[in-house]
Amino acid sequence: MDYVIEPLFWTQKGDDKTPDVVGSGLSGWFVIEITTQLGSKEPNLESYLSIDPRYLAQHGLQPQDAPPDVFSSRLSFVNDGPYCQLIVRDHLEILKEERIKNQKLKAELIKSHGADLIMLPNIPITLLPEMRPHEIRRGLIEIVMQLFSPESKGKSLVQIVDEGLERLSEKIVVSAKSRLRDSVKREMEDLIKHHLKDYILFNEEEGAYRSTEKFKQNPKTMEKITFALTDWAGIGPQKTLDIWISRQ
Amino acid sequence: MRQIQSLRDFKELLQAGFESNEESLEAFGKTYSTQLKAYLIESNKPAPDSAQSIGSYWRKIDPSGWYLNAESSNRLFLDATRERIWILYSLLEAIESDFFVENWIKNTNGLDSCWLSRNHLLHWETLSGWSRRGMGLRFSDGLSPEENSGNFSLKAWHGANRYVPRLDEILNAAQDQFALYSIRYQKRSGGSISISAEWYSNGKITINRAADVDEVLISIAEMANRYADSLEEATDLRNKTMAPFEIDFSQPISLDAFSDTVSKGRGDMKLWLVEIESEPDFKRFKGIDLHTWDRVLLDVGPDFVYLTIPGSGCVNGAPRLAVVQGEDNSGKASIYHDGVEVFS
């Protein structure tokens with residue numbers, strides 16, 4: 001099953017709809033709304049049922065002729081109406097699975113029910129379009145560190161975003177990627193102006209971020225860069241994932 | 001001595017050394033020619049010509065990809081016939097030879113040692129004619145302060161185990177807990193020893209005795225091919241799924257000491273990382289594998305590490321982390337990807 005992130009669709013009445021994830025394959029298609037907000041998403045989910053499935057082909061997805069399976073995905077239960085809900089907290093929970101029409105997808109989801117999500121390993125994707133400034137900074141840390149490679153020719157904004165999106169780079173619609181580039185540019189400007197101003201610059205002619213000659217590959221300088229990046233990304237002993245979630 | 005001009009010249013040079021050592025062993029009970037050493041090197045370079053540094057200018061002696069180090073007076077040779085795994089052959093004395101390899105790798109971005117897992121080292125036990133003659137175990141406790149460190153180092157030559165009751169049991173117990181850093185094997189053909197060699201976890205091989213140069217080169221190439229297959233398999237798995245490499249250790253990891261080491265980019269681990277989350281028994285890091293400057297994401301628990309390598313990054317960091325962390329601090333290591341044991 002192939003998928004696209006934040007694709008634009010029209011309903012049969014011509015209204016714009018941009019669900020978070022849309023996937024389609026031979027066994028059917030689905031739409032997922034991912035949210036951390038506490039209000040019900042029932043109206044959004046209901047509206048996705050009226051998306052005209054012929055537009056799937058516009059995004060390189062398998063065309064369909066029936067309404068999709070609709071899901072919401074959350075950190076804890078909120079009543080989103082008569083739709084399947086995926087709870088992604090300490091363990092994966094599948095609620096209202098009887099609503100899923102695609103039997104193959106249903107069987108796979110039921111198999112995954114209860115999967116342990118505590119201490120879930122990092123995944124290779126470090127940037128996403130909906131990220132907030134501090135999340136983008138975290139997502140950029142190791143991409144910025146690569147600028148200090150002796151063989152680095154620098155990185156353009158486009159390269160930085162593509163590397164952070166990794167395998168999602170080709171799955172994200174052009175407009176969302178463009179918005180993400182703007183956000184990344186803002187955070188990089190802050191890094192250069194306030195945190196690593198002697199070590200990283202933006203070369204206007206090349207259109208690329210580069211390291212300066214001040215960087216030397218020795219433990220003292222590397223630790224200094226580590227601290228500067230930690231500070232920039234707002235990482236401290238109190239800011240663990242659980243505490244961040246509890247503040248939402 | 002005339003300059004080596006071809007692969008055949010190189011083989012004749014090695015063969016003469018083996019025969020000279022066998023003769024002196026028979027006559028005087030010891031060898032006098034420098035023993036052959038080989039080093040398996042993981043390369044992300046297209047050819048040795050692009051891995052030049054001080055003291056390492058390579059001249060081709062065979063079109064298939066064999067080179068002579070132009071400044072070594074016929075003592076350093078390179079088999080670069082494989083894309084990812086090169087084999088450096090050395091007739092230098094051990095200290096000089098190790099120093100050269102260590103510096104060449106350190107000063108050349110994209111080169112690394114081949115970090116042989118326990119299963120790689122034990123590979124010869126599955127082949128007929130080979131028998132184990134010894135092993136080396138190491139636990140440096142390198143992350144503890146010197147006054148509190150509990151080192152363990154053992155090098156045991158096999159053969160007389162029956163004279164000491166329970167010796168086998170003790171060796172097996174130690175082998176189960178500590179990292180295996182070397183292993184010595186012997187191959188017998190026609191009633192006599194055809195190869196006696198020691199294999200190290202950092203990809204070094206010492207040929208103590210040998211009868212036939214082609215048999216020696218093929219044995220070393222066998223391990224290079226196995227390692228190349230392991231790298232290809234691990235890269236393929238990484239490309240197909242989101243799963244990380246999981247490295248399990250038999251001893252606990254000192255999380256604070258680990259964090260302190262990697263934040264400065266120090267040591268053989270070659271990792272430069274930023275700690276982004278911390279719990280009493282878990283830390284999360286993001287950063288760089290200094291071998292290739294590829295991105296890496298690390299989750300470190302009490303006795304395990306999850307290593308995620310985004311994009312097309314080199315996966316040699318997984319066996320390096322297993323071997324270096326295992327020998328330094330965390331004992332026996334096994335590497336898995338999505339439940340499948342890799343580098344085995």
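**Helices and contacts, step by step**

Reply: Happy to. In this predicted model, the axes of α4(A) and helix α5 (residues 174-195) of chain A come within 10 Å and cross at roughly 110°.

Me: Why are α4(A) and α5(A) called roughly perpendicular to each other?

Reply: Angles of 65 to 115 degrees count as roughly perpendicular. The axes of α4(A) and α5(A) cross at roughly 110°, and therefore the two helices are roughly perpendicular to each other.

Me: Which residues in α4(A) and α5(A) meet?

Reply: On the α4(A) side they are Leu157(A), Val158(A), Ile160(A) and Val161(A). From α5(A) come Lys177(A), Leu180(A), Arg181(A), Val184(A) and Lys185(A). By class, this contact of α4(A) with α5(A) has six nonpolar, no polar and three charged residues.

Me: What makes α3(A) roughly perpendicular to α4(A)?

Reply: Helix α3 (residues 133-145) of chain A and helix α4 (residues 157-165) of chain A have axes that come within 10 Å and cross at roughly 115°. The range for roughly perpendicular is 65 to 115 degrees, so α3(A) is described as roughly perpendicular to α4(A). The crossing of α3(A) past α4(A) is right-handed.

Me: Which residues of α3(A) and α4(A) meet there?

Reply: Gly139(A), Leu140(A) and Ile143(A) in α3(A) meet Ile160(A), Glu163(A) and Gly164(A) in α4(A). These residues divide into three nonpolar, two polar and one charged.

Me: How do you know that domain 2 and domain 3 of chain B touch?

Reply: Residues are in contact if their C-beta atoms, placed from the backbone, lie within 7 Å. Here, 16 residues of domain 2 of chain B are in contact with 17 residues of domain 3 of chain B. On the domain 2 side, β7 (130-139), α4 (167-177), β9 (179-189) and α5 (213-240) of chain B each supply at least two residues. The most come from α5(B), with three residues. The domain 2 side has seven nonpolar, six polar and three charged residues.

Me: And how many residues does the contact take from chain B and chain A?

Reply: The contact takes 27 residues from chain B and 26 residues from chain A. On the chain B side, the elements giving two or more residues are β13 (271-279), β14 (282-289), β15 (294-300) and β16 (304-308). Of the chain B elements, β13(B) gives the most, with six residues. By class, the chain B side has 11 nonpolar, eight polar and eight charged residues.

How values were computed. Residues numbered from 1 in each chain as written. Chains lettered and ligands numbered in written order. Predicted model: local features only at pLDDT ≥ 70, side-chain atom pairs only at ≥ 80, totals over all residues. Axes fitted to C-alpha atoms, helices over the stretch in contact; angles between N-to-C directions. Helix = DSSP H or I, 4+ residues; strand = E, 2+ residues; numbered from the N terminus. Parallel < 35°, antiparallel > 145°, perpendicular 65-115°, else oblique. Left-handed = near helix turned anticlockwise from the far one by under 90°. Contact = placed C-beta atoms within 7 Å. Nonpolar A, V, L, I, M, F, W, Y, C, P; charged D, E, K, R; others polar.
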